[in-house]
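This report describes one protein model for a reader who is new to structures. Please look over the sequence and the 3D view before reading on.

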Amino acid sequence: MRGTFDTSELYWTITNFVGDPVEPGEAQSPASTLELLQWRTKYTSDTYPEDLDTTSLGLLTMPPDPAIVHSILDEMHEYIDEDGNVQAYFDKSRPRVDAVIALNVLTLFHKYGRGHELPDTMEWIYNILINRAYVNGTRYYPNAEWFLYYLTRLLHMSSDPSLKERIEPPLRKRVAERIGVAGDAYCLGMRVLTCNKLGIANYPDRQKLGSIQQQDGGWEASCMYLFPGAERKVGNRGATTAFAVKALENWHVHGQSI
């Protein structure tokens, strides 16, 4: 990795994305549900409901007392559609589903020993994996790597051996298929981290990710989230850089760091 780039604060920002929980006392734990657009809305309606996605990430990153978590899991049960899939929002007048959001919710349920309570959602995820229905991204997330990364994260955090036995073999095949596919820095970072977690060698994408590092040590902003109604894409250079740094740390080629 050439140059230097201080990502100490950025690691906190995306700590749960890359799999490391925040240490107790570093931040205030959420006491209830959360919303993506906490201060003001943009690219969407003026009234924006609390969502299961941000809430799941918040509870996984800064876990409060388990009793609070279980009470929120109980509430999430009220937002399952007629197909048995968890919805995106704590608002029944705004029915939306997204596979990446579902994976974040499933990860939270599995972490607290309640993954078995969402069998239809898990079956939906399995079918998406088997049929490669993730290749063009999801409603809110722009590419295949989001789905594969968060499914790998679910397996890592779940204590259910039957889940790993069923999901890991096809997941490894699908992840291996993505090696060398074109993508931006965020996409490549997620892919490399997924391969690292599964123990899959991925030299081409590591090399490509290192080669697009900017002169100041960072990486260009990549699309992280979609607002489909407004046809807008949003990204963040800091988060992209932190992901890239995490993906490439401790990687050496011929004894030299890149």
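## Contacts across the chain

Among contacts in the protein chain between residues at least 6 apart in sequence, 66% join residues at least 24 apart. Contact here means heavy atoms within 4.5 Å.

The model is predicted, so local features need pLDDT of at least 70 and side-chain atom pairs count only at pLDDT 80 or more, while totals for chains, interfaces and linings use all residues. Residues are numbered from 1 along each chain as its sequence is written, and side-chain values use heavy atoms, with hydrogens and water left out.

## Overall make-up

The protein chain has 10 helices and four strands. Helices (H or I, at least four residues) and strands (E, at least two) are DSSP runs, numbered from the N terminus. Along the sequence, their pattern is α-α-α-α-α-α-α-α-α-β-β-α-β-β.

The protein chain has 258 residues, and 50% of them count as buried. Buried means under 20% relative accessible area, exposed over 50%, and partly exposed in between (1.4 Å probe, protein chains only). The accessible surface of the protein chain is about 12,600 Å², with 49% belonging to carbon and sulfur atoms. Such areas come from the Shrake-Rupley method with a 1.4 Å probe; for residues, only the protein chains shown count as cover.

## The nonpolar core

In soluble globular proteins, nonpolar side chains tend to be buried together. A nonpolar core is a set of buried Ala, Val, Leu, Ile, Met, Phe, Trp, Tyr and Cys residues joined through side-chain atoms within 4.5 Å. The largest nonpolar core in this model holds 64 residues, and M76, I125, F147, L151, I167 and L171 touch the most other members.

Which residues does M76 touch, not counting residues up to four places away in sequence? They are L52, T55, S56, F90, V105, L108 and F109.

Helix α5 covers residues 119–130, and its 12 residues should span 16 Å at 1.5 Å a residue. The expected span is 1.5 Å times one less than the number of residues. The end C-alpha atoms of α5 are 16 Å apart, which agrees. T121, M122, I125, Y126, I128 and L129 are the buried residues of α5. They cover an arc of only 160 degrees around the axis, so they lie on the same side of α5. The arc is that of the directions from the helix axis to the C-beta atoms. The buried residues of α5 pack against α4 (99–111), α6 (144–157) and α7 (161–178).

R132 is in the loop between α5 and α6. Its phi is positive, about 55 degrees, although R132 is not a glycine. R132 counts as partly exposed, at 36% relative accessibility.

## Helix α10

Because 11 of its 12 residues are buried, α10 is largely enclosed by the rest of the structure. Among the buried residues of α10 are G238, F243, K246 and L248.

## H70 and the cysteines

H70 is in helix α3 (residues 66–76) and counts as partly exposed, at 27% relative accessibility. Leaving aside neighbours within four places in sequence, H70 is in contact with Y112 and R114. H70 and Y112 are 42 residues apart in sequence, and 7.9 Å apart in space, C-alpha to C-alpha.

The structure holds zero disulfides, a disulfide being a pair of cysteine sulfur atoms within 2.5 Å. C195 is buried, at 1% relative accessible area, and C223 is buried at 16%.
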